Amino acid sequence: MKKQFPDQFTWGGATSSYQIEGAWNADGKGPSIWDVFCMIPGKVHNGDTGNVACDHYHRIAEDVALMKQIGLKAYRFSISWPRILPAGRGAVNQNGIDFYNKLIDQLLEAGIEPWATLYHWDLPAALEFEIGGWLGEEISDAFADYAGVCFQHFGDRVKNWITINEAWVVSILGYGLGVFAPGRTSNAAPYLAGHNLLKAHAKAVRLYREKYQPAQHGQIGITNNCDWREPLTDTAADKAAAERALEFFLAWFADPIYKGDYPESMKTRLGSRLPEITPADRELIFGSSDFFGLNHYTTMYAADAAEGAAAGSVYGNGGLSEDQDVSLSVAPDWALTGMQWAIVPWGCRKMLEWIAARYDNPPVYITENGCAFDDKLEDGQVHDVARIAFFEGYLGEIHQAIQNGVNMRGYFIWSLLDNFEWASGYSKKFGITAIEPETLRRIPKDSALWYKTVILNNGLNL
Ligand code: GBH
């Protein structure tokens, strides 16, 4: 059966700076909070770091050739803020500008559209020390200034900008549960961080729209992540719990942009821990995204939990569970990836339909979707059949969502390369390309060859 995607559909692959570049202190780059976090014993699996990673910094030509071979139409990468501004603010590091110029030029040369993310978690360490990182009052202006440097140097060629990758992860995992940099734990800090992330995003967008977009004609938006929450039972209480979980996960950031305020459920439950969106904030944030960027990985059941009962529940990743009174679970027959995330393709369709319904059918790009598996390198090949099945399942449901009216514009595989998987170090492999340990040689897996066919056919041939 053929599942054809719309003309002009953007087929891409994604990576991020800290996860692939390496060259952590080369050519004037300043330290990021991930460079520091990795030095703290016990934070990252096996003591792994991004010091070398895939050494992409020194392998642009090879990696662009790889993308061209796979047939990518678009490549989503992120710009390392401390490579551009080593101290977070002030002096610009010309070597950093040169590096991204080279990457962008080679992409265009290869006919691949560059999609640049301005922040994929590698905050300049100086800003964490000096102003408290995302908790600092000055952070949103600092981000907008940095964004301006990027628009100015790269905007003549980069026509697709993503401001912030996954504000939920930055807030909850970085400032709430402390499992990602900068490693803080608090039940209030995440909501302040989230507020500042929204303001930072919106200030960068305002700057782009006022000063650059009229001449550069690009689009700019934010990417948020959300896992689908399916009501465990048909009861009104469980349906409300699932809705509440989605509000605390995605509407937290999307409602202010598409509706002008935080969800009611968050305001009532969090009280003064949730900053208020003032009229000035609303003016800034409302309408500040040209498209809806979504990173989607998995699904869980959601059930209503008695007040306080969900505190410290097994699946802390739903957010701060005690704030939501939702208990999460997976069905025993759902297959799991190497991250122990359930493979539930229909959850992706429901997620897309929920976004279309709640936000008046905005143009949507899935800017990440993928899976980790325990791949085996055999005779220079990786037969990652489970990864291909995962992508076929998810793309099939995305195709169905399009048939059902969702305004889908593009899809980016996570990830082009096996890379530094944050707190899991190199133990989890998401790539459609393997990296040979000693030589760092790139080895396209079977899924890369499969993806090439999908792109050529502009869809699936099942
Ligand atoms: C993305 O975030 C990142 O943008 C990317 O850098 C990263 O490499 C990639 O994912 C793979 O991890 O534990 O069952 O409760 C992913 C965001 C949020 C998706 C939490 C899965 C947890 C599911 N993740 N969610 S569970």
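Predicted model: local features only at pLDDT ≥ 70, side-chain atom pairs only at ≥ 80, totals over all residues.
Residues are numbered from 1 along each chain as its sequence is written, and side-chain values use heavy atoms, with hydrogens and water left out.

The largest nonpolar core has 139 residues. Such a core is a set of buried Ala, Val, Leu, Ile, Met, Phe, Trp, Tyr and Cys residues joined through side-chain atoms within 4.5 Å. Buried means under 20% relative accessible area, exposed over 50%, and partly exposed in between (1.4 Å probe, protein chains only). Trp34, Ile79, Trp81, Trp134, Trp161 and Tyr451 have the most contacts inside this core. Helix α9 (residues 189–216) gives the most to the core, with 11 residues. Helices (H or I, at least four residues) and strands (E, at least two) are DSSP runs, numbered from the N terminus. Another core, of 12 residues, lies apart from the largest one and includes Ala74, Tyr297, Met339 and Phe412.

Two cis peptide bonds were examined. One joins Ala181 and Pro182, with omega about 5 degrees. Pro182 lies in the loop between α8 (167–175) and α9. Another joins Trp414 and Ser415, with omega about 10 degrees. Ser415 lies in the loop between β12 (408–414) and β13 (433–435).

Glu166 has a positive phi, near 60 degrees, and is not a glycine. Glu166 is buried, with a relative accessible area of 4%. Gln340, also not a glycine, has a positive phi of about 70 degrees. Gln340 is exposed, at 53%.
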